[in-house]
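Please examine the sequence and the model below.

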Amino acid sequence: MSEPAYVSIAGEIAREIRAGALPARTQLPSYSELAKRHGVSEIVIRKVIDLLLRQGLVYTIERRGTFVAARPTLVRVSPERQMEDPATTFGNESPHRVDDVRIERTTTLVPADDEVAGLLGINPGTEVEHIVTAVAELGRPVSISDSYQLPGTDVATATVLEETIADKVPAPTHAVWLKVPAGDLVKAIRQRFLRHGRILMVSDVSYPKDRYESFVFRMTLEPES
């Protein structure tokens, strides 16, 4: 099934914004001009603009028009990349073409340090899975995460997600991927996935602090039974 016209058009405009073809504060054509350009009705274009607004890529000024946002809003609609295919999660977060996206994921077994062991309720030195997921779009870093869990853990059974968000100096590996100068801060998110009070996974996610104007988290978890 092909995607709706408004989704396709919004994706095209979003790619132009992210590629820099439509710089910040550029005014978009009027609804009628966009409708004529894409061969659709103005009702469809209203849906296009609504979608771009929800994604934080544009803003409107009453009686003046629609403009490209200086820094987009990051909308995360999935609680954790490790719970599904990374391309699926990233597709939810940001309109893109497959060729525009670079996703790197590695999983290794490592001995748990004192902090990870304490969080997972295990002895230091116990083997855990260390999952690193790094994402870039159009050559620009989007995020990088370090996650830890016991081998064989089914994180999809988590019923509670706890997040702590702060501006922090990133870990060295995060700074390298995000291309953050020494001493600069990133938006850091510590996630804990729990079931019946037990932590199944702990994850540290970093985003470039100056890339996004704001962060919107839209998540749904099953109620604990």
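H1 passes H3 in a right-handed crossing, a crossing being right-handed if the near helix is turned clockwise from the far one by less than a right angle and left-handed if anticlockwise. The contact (heavy atoms within 4.5 Å) involves, among others, Tyr-6, Ile-9 and Ile-13 of H1 and Val-44, Lys-47 and Leu-51 of H3. By class, this contact has 11 nonpolar, no polar and one charged residues. The axes of H1 (residues 5–19) and H3 (residues 42–54) come within 9 Å and cross at roughly 50°; the two helices are therefore oblique to each other.

This is a predicted model, in which local features need pLDDT of at least 70 and side-chain atom pairs count only at pLDDT 80 or more, while totals for chains, interfaces and linings use all residues. Residues are numbered from 1 along each chain as its sequence is written, and side-chain values use heavy atoms, with hydrogens and water left out.

Strands (DSSP runs of E, at least two residues) pair if DSSP finds at least two bridges between them.

| Strands | Bridges | Partners |
|---|---|---|
| S1 (residues 58–61) and S2 (residues 65–68) | four bridges | Val-58 and Val-68 |
| S8 (residues 186–195) and S9 | 10 bridges | Leu-194 and Ile-199 |

S8 and S9 form a hairpin with two residues between them, where His-196 has a positive phi of about 55°. The hairpin of S1 and S2 has three residues between the strands, and Arg-63 there takes a positive phi near 65°.

Technical notes: Axes are lines fitted to C-alpha atoms, for helices over the stretch in contact, and angles run from 0 to 180 degrees between N-to-C directions. Angles under 35 degrees count as roughly parallel, over 145 as roughly antiparallel, 65 to 115 as roughly perpendicular and the rest as oblique. Ala, Val, Leu, Ile, Met, Phe, Trp, Tyr, Cys and Pro count as nonpolar, Asp, Glu, Lys and Arg as charged, and the others, Gly among them, as polar.
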